[in-house]
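Welcome, and please open your viewer. We will take the tour one selection at a time.

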Amino acid sequence: MNLADDPRWRRFNDRNFECPCCGQTFGGVFDFGFDHPDPWPHGNLRDTDKDTLVVGEHKLSSDLCVFDGGYYIRCTLPLPILGSDQTFSYGVWGSVKDENYDAYISAWQKDDYSGFPGCFAWLMNDLPGWPSEDWLPCDLETGESSDRPLLWVHEDKHPLATAQREGITFDRLLDLYAAAGTDIRPHLADA
């Protein structure tokens, strides 16, 4: 199905559309990001007025995190939206080995990722709408120099890996927004 035929999709992407019940407007697909890896014990960076939250030897910035001997890189986990050319993404954290962290930092500082082939990482955020008992194994890949690295889930049978490979429907996207606390479905329904 081409989403252009779905009136909810058209309303969702029309910045001039106002919900009849509350006047809420939309501007299309918006992503969700996580401030820190789930195990980070020191609160949110966004709640401070600092670029880096430092507690002893523990450090958290918007892109990197180190604590309790763990090394974390902020990544993007993309999910293509079926029937459109758009992608919904989570801003998540991947846990990597210290040598991979150092190699990534070196490439990042040079703005040249040709020497960093990517690495194994664990997804370190629990994503609403994607239940999992454990951290998911992933591949961390670098893209364009200005982009955050991408995470690709390994477990072929996990629904998140399938969604990355095959895409999600608009209804599933709306369900994911609702699972994260932003239920916009009632605002897109026919009046």
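Which residues does Ser61 touch, not counting residues up to four places away in sequence? Select Leu45, Asp51, Thr52 and Trp93 to see them; contact here means heavy atoms within 4.5 Å. Ser61 sits in strand β3 (residues 58–61) and is buried, with a relative accessible area of 14%. Buried means under 20% relative accessible area, with a 1.4 Å probe and protein chains only. Helices (H or I, at least four residues) and strands (E, at least two) are DSSP runs, numbered from the N terminus.

A word on the model: it is predicted, so local features need pLDDT of at least 70 and side-chain atom pairs pLDDT 80 or more, while totals for chains, interfaces and linings use all residues. Residues are numbered from 1 along each chain as its sequence is written, and side-chain values use heavy atoms, leaving out hydrogens and water.

Next, select Ser89 in strand β6 (residues 87–96). Ser89 is buried too, at 11% relative accessible area. Its contacts beyond four places in sequence are Asp31, Phe32, Thr76, Leu77 and Pro78.

Now follow Leu77, which touches Leu160 and Gln164, among others. Both belong to the buried residues of helix α3 (residues 159–166), together with Ala161 and Ala163. Show β5 (70–80), β7 (119–123), β8 (136–141) and β9 (150–153) to see part of what covers them.

Finish just after α3, at Gly167, where phi is positive, about 95 degrees.

Key. Buried means under 20% relative accessible area, exposed over 50%, partly exposed in between (1.4 Å probe, protein chains only).
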